[in-house]
Structures are given as structure tokens and as C-alpha cells.
Amino acid sequence: MFKRSLILSLLAFAMPALADPPDILNVTVDRQGDLWRFDVTIRHNDSGWDHYADAWRILDPEGEPLGTRNLAHPHTKEQPFTRSLSGVRIPDGMTEVSIQARDSVSGWSPELVTIPLP
């Protein structure tokens, strides 16, 4: 029994630790005619090119992407940071969308922030 628990303990130290997902702190939405603009503020413990928040996307209520904002570089010295995505088409009658962030190590976060559309 001791040997098995020692092996399990050693395996736990050998596995890479999963970092916290990017936090979506704020979302503002503005309708511009038939299109929409989203300003999303994110906080993430970017460590450099090896691990950083690298995108966020807008999802419809069924989880289908409506638009993606790729982030081109780490924001190690700018936390939190806000980036925008304009020209997003939202189907008529849709009353809410969700925002999901991604980082370069863990991929898409399981956490969604649901936003009512004005």
C-alpha cells in the first residue's frame, strides 16, 4: 500500500500543473446597424510566449461560434487588458450570447460568461 501511494504521489508531481483559465472581467456590447461590436476585458497570468491568453470568442446559445478575436501576443505587462471585435453578425431574435476565452496551454476555458444583448 505504501509503495502504491508513493508512486501516485510521484506521478502527481510529474504531471504538469494546469494554470487558471483566463478570467473574463467585463464585456460591453454595442449594436452598429446590423452588426455588433464586443469589447472584452480579460485577466490571465501570461508568462510569455510559452503560456498566454491567445483568443476569445462569441457563442450563440447552442455553443456555435459567431466570431473569434485572436490575440497576437502575450500581455505580461498589461493586465487586465481589453480587446475589441467589430462586424459580428447576430441572428435576429437572439437575446443573449456567451463569451469564452482561450489560453495557449489549456485551450478553451470551460467557463462561459453569458451576456444579454441590448
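Helices (H or I, at least four residues) and strands (E, at least two) are DSSP runs, numbered from the N terminus. The model is predicted, so local features need pLDDT of at least 70 and side-chain atom pairs count only at pLDDT 80 or more, while totals for chains, interfaces and linings use all residues. Residues are numbered from 1 along each chain as its sequence is written, and side-chain values use heavy atoms, with hydrogens and water left out.

**Around S86**

S86 is partly exposed, with a relative accessible area of 42%. The cut-offs: buried is under 20% relative accessible area, exposed is over 50%, and partly exposed lies in between (1.4 Å probe, protein chains only). Leave aside the neighbours within four places in sequence, and S86 is in contact with W36 and R37. Contact means heavy atoms within 4.5 Å.

**The open sheet**

Show β1, β2 and β5. These 3 strands form an open sheet in the order β1-β2-β5, with antiparallel pairing. β1 (23–32) and β5 (81–89) stand at the edges with a single partner strand each, so one side of each has no neighbour in the sheet. The twist averages 20 degrees from one strand to the next; axes are lines fitted to C-alpha atoms, for helices over the stretch in contact, and angles run from 0 to 180 degrees between N-to-C directions.

Next, check the pairings. Two strands pair if DSSP finds at least two bridges between them. Strand β2 (residues 35–43) is joined to β5 by 7 bridges. Select W36: its bridge partner in β5 is V88. On the β1 side, 9 bridges join β1 to β2, again antiparallel. There, N26 has T41 in β2 as its bridge partner. Then go to the hairpin of β1 and β2, which has 2 residues between the strands; G33 takes a positive phi near 70 degrees.

**The β3–β4 hairpin**

Move to β3 (residues 53–59) and β4 (residues 65–70), which pair in the antiparallel sense over 5 bridges. W56 stands opposite R69 in β4. This hairpin has 5 residues between the strands, and G63 takes a positive phi near 90 degrees.

**Rings and a charge**

Colour the aromatic rings. Rings of Phe, Tyr and Trp (its six-membered ring) pair if their centres lie within 6.5 Å; planes under 30 degrees apart count as stacked, over 60 as edge-to-face and the rest as tilted. The count is 1 aromatic pair. The rings of W49 and Y52 have centres 5.7 Å apart and planes at 80 degrees, so this pair is edge-to-face. W49 is exposed at 62% relative accessible area, whereas Y52 is buried at 11%.

Now select R57 and W108. R57 lies over the face of W108, 3.9 Å from the ring centre. The rule: NZ of Lys or CZ of Arg within 6 Å of the ring centre and within 35 degrees of the ring normal.

**The largest nonpolar core**

A nonpolar core is a set of buried Ala, Val, Leu, Ile, Met, Phe, Trp, Tyr and Cys residues joined through side-chain atoms within 4.5 Å. Select F38, I42, W56, I58, I90, V97 and I99: of the 20 residues in the largest core, these touch the most other members. Two or more residues each come from β1, β2, β3, β5 and β6 (96–103). The largest share, 4 residues, comes from β2.

Select P22, in the loop between α1 (2–14) and β1. P22 is buried, at 3% relative accessible area. Beyond neighbours within four places in sequence, P22 is in contact with I42, R43, H44, A53, A101, R102 and D103.

Which strand holds E96? E96 is in β6. It counts as partly exposed at 37% relative accessibility. Its C-alpha is 5.5 Å from that of I115, 19 residues away along the chain. Outside four places in sequence, E96 is in contact with P61, T114, I115, P116 and L117.

**Zoom out**

Show the whole protein chain: 1 helix and 8 strands. Of its 118 residues, 35% count as buried. Among contacts between residues at least 6 apart in sequence, 54% join residues at least 24 apart.
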